[in-house]
Amino acid sequence: MKIVCVCGMGLGSSVIAKMNIEQVLKKMQIEAQVDTCDVGSIRSISADVYVTTRELAVTMPEELQVKTLVLTNFVRKVEIESSLGNFLKEKGL
């Protein structure tokens, strides 16, 4: 499975999200490749799941919105674990 964390420049909050998602996935015993990307380049990166914030979710391409998990906080691992777990179950991943 491939997860891409999306932020405005692909260098700030997406890197924080990547590190925390990797820790959560390890705890959940789920193997996945986690990358980062800026919102402007998102169409060029194929993934099973895209993770972004509420502010950027509206800028995600329409065709990727079904694969997009919107988090309110990239730091709170409890929220990440709950949201990601529910999203993966819902999508059958």
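Here is a friendly conversation about a predicted model, with a look at one helix, a surface patch and some salt bridges.

Trainee: How many residues does helix α1 have?

Mentor: Helix α1 runs over residues 13-28. From its first C-alpha to its last, α1 reaches 22 Å, close to the 22 Å expected at 1.5 Å a residue. The number of residues in α1 is 16.

Trainee: How wide an arc around the axis do the buried residues of α1 cover?

Mentor: The buried residues in α1 are S14, A17, N20, I21, V24 and L25. They lie on the same side of α1, because the arc they cover is only 140°. As a general point, an α-helix has 3.6 residues a turn, so residues three or four places apart point the same way.

Trainee: Which exposed residues does α1 carry on the face turned away from its buried side?

Mentor: Start with what covers the buried residues of α1, which includes β1 (2-7), β2 (33-38), β3 (49-53) and α3 (77-91). The face turned away from that buried side carries exposed residues. These are K26 and K27.

Trainee: What is the relative accessible area of Q29?

Mentor: Q29 follows α1 and is found in the loop between α1 and β2. Its phi is positive, about 55°, although Q29 is not a glycine. Exposed means over 50% relative accessible area, and Q29 counts as exposed because its value is 73%.

Trainee: Is V75 buried or exposed?

Mentor: V75 is found in the loop between β4 (68-71) and α3. Together with V15, I16 and M19, V75 makes a nonpolar surface patch of about 320 Å². Its relative accessibility is 54%, so V75 counts as exposed.

Trainee: How many residues apart in sequence are the parts that K2 and D35 tie together?

Mentor: A search of the whole structure finds five salt bridges, and one of them joins the side chains of K2 and D35 at 3.7 Å, N to O. K2 lies in strand β1 and D35 in strand β2, so the pair ties together parts that are 33 residues apart.

Trainee: Is K2 buried, partly exposed or exposed?

Mentor: Its partner in the salt bridge, D35, counts as partly exposed at 22% relative accessibility. Buried means under 20% relative accessible area. K2 has a relative accessible area of 23%, so K2 is partly exposed.

Trainee: Where is R43, the salt-bridge partner of E63?

Mentor: The side chains of E63 and R43 meet at 2.9 Å, N to O. The pair links distant parts of the chain, 20 residues apart, with E63 in the loop between α2 (54-57) and β4. R43 is in the loop between β2 and β3.

Trainee: What relative accessibility does R43 have?

Mentor: E63 is partly exposed, with a relative accessible area of 47%. R43 counts as exposed, and the cut-off for exposed is over 50%. The relative accessibility of R43 is 61%.

Trainee: Which residue forms a salt bridge with E90?

Mentor: Side chains of opposite charge can pair when their charged atoms come close. E90 is exposed, with a relative accessible area of 62%, while K91 is partly exposed at 33%. The closest N and O atoms of this pair are 3.7 Å apart, and the partner of E90 is K91.

Notes
Residues are numbered from 1 along each chain as its sequence is written. This is a predicted model: local features need pLDDT of at least 70, side-chain atom pairs count only at pLDDT 80 or more; totals for chains, interfaces and linings use all residues. Side-chain values use heavy atoms; hydrogens and water are left out. Helices (H or I, at least four residues) and strands (E, at least two) are DSSP runs, numbered from the N terminus. The expected span of a helix is 1.5 Å times one less than its number of residues. Buried means under 20% relative accessible area, exposed over 50%, partly exposed in between (1.4 Å probe, protein chains only). The arc is that of the directions from the helix axis to the C-beta atoms. Contact means heavy atoms within 4.5 Å. Patches are made of residues with over 30% relative accessible area and no salt bridge: like charges are joined within 9 Å, nonpolar side chains (Val, Leu, Ile, Met, Phe, Trp, Tyr) within 5 Å. Accessible areas come from the Shrake-Rupley method with a 1.4 Å probe; for residues, only the protein chains shown count as cover. A salt bridge is a side-chain nitrogen of Lys or Arg within 4 Å of a carboxyl oxygen of Asp or Glu.
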